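Some comments on this entry follow, as numbered points. Please read them with the model open.

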Amino acid sequence: MKNYICPKCNGYLSIDNEIVFLTKNNKGESAIVLLSAELGNYSFRKNDNVDFEEGDHVNFICPICYENLNAENVDDNLACVKMIDSNGKAKKIMFSKVLGEKCTYAISDEGVDSFGDNKDTYSNRF
Ligand SMILES: [Zn+2]
């Protein structure tokens, strides 16, 4: 089982196959969002009353320490969490904060693995 961890407080963000975030879009709407823990799976869950739309710039916030999870010094459009894979190996996971943009990067000592249809968009940042 993979575990996702806040890079700021080291709190556990994942439960089984979902990762829990506080989010706020650029129009000021807030929601709890559950992302799939599977790399390259862009399905997510949120309350039906929240109208996040394609292209919204969504801030991801740790629900434990309330720190912003921006991928600082990499790109304003990327968020970053830590992942410990089933072998106990740590990776940095970066993903787009723009709704509908499908790209995820798993970064470790061994290099960068990219996922998603839009993975070329930020591949020059690493
Ligand atoms: Zn945290």
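1. Cys65 is partly exposed, since its relative accessible area is 25%, and the cut-off for buried is under 20%. The model is a predicted one, and the values below should be read as such.

2. Cys65 also belongs to the metal site. The zinc ion has as its protein donors the SG atoms of Cys6, Cys9, Cys62 and Cys65, which lie 2.3 Å from the ion. Along the chain these donors follow the spacing C-x2-C-x52-C-x2-C.

3. What is the arrangement of the four donor atoms around the zinc ion? The angles they subtend run from 102 to 114°, so the arrangement is tetrahedral; the criterion requires all angles to lie between 85 and 135 degrees. For four tetrahedral donors the ideal angle at a metal is 109.5 degrees.

4. The backbone deserves a look at two asparagines. Asn10, in the loop between β1 and β2, has a positive phi of about 65° although it is not a glycine. With a relative accessible area of 45%, Asn10 is partly exposed.

5. The other asparagine is Asn73, placed in the loop between β6 and β7. Its phi is positive, near 65°, and this residue too is not a glycine. Is Asn73 buried or exposed? Asn73 has a relative accessible area of 83% and is therefore exposed, the threshold being over 50%.

6. Asn41 lies in the loop between β4 (30-36) and β5 (44-45) and is partly exposed, with a relative accessible area of 27%. Which side chains does the side chain of Asn41 contact? One is that of Ser43, in a polar contact of 2.7 Å; another is that of Ser36, at 3.4 Å.

7. The Ser36 contact should be read with its cut-off in mind, as a polar contact is counted within 3.5 Å and this one is 3.4 Å.

8. Asn41 can also be placed relative to Thr104. The two residues are 63 apart in sequence, and their C-alpha atoms are 9.4 Å apart in space.

Note on methods:
Residues are numbered from 1 along each chain as its sequence is written. This is a predicted model: local features need pLDDT of at least 70, side-chain atom pairs count only at pLDDT 80 or more; totals for chains, interfaces and linings use all residues. Side-chain values use heavy atoms; hydrogens and water are left out. Helices (H or I, at least four residues) and strands (E, at least two) are DSSP runs, numbered from the N terminus. Buried means under 20% relative accessible area, exposed over 50%, partly exposed in between (1.4 Å probe, protein chains only). A polar contact is a pair of N or O atoms within 3.5 Å; within protein, one must be able to donate a hydrogen and the other to accept it, and residues adjacent in sequence count only if both atoms are side-chain atoms. Donors are N, O and S atoms within 2.8 Å of the metal (3.2 Å for Na, K and Ca); water is not among the atoms, so sites may look incomplete. Four donors count as tetrahedral if all angles lie between 85 and 135 degrees; four count as square planar and six as octahedral if opposite donors are over 155 degrees apart and all others between 65 and 115; anything else is irregular.
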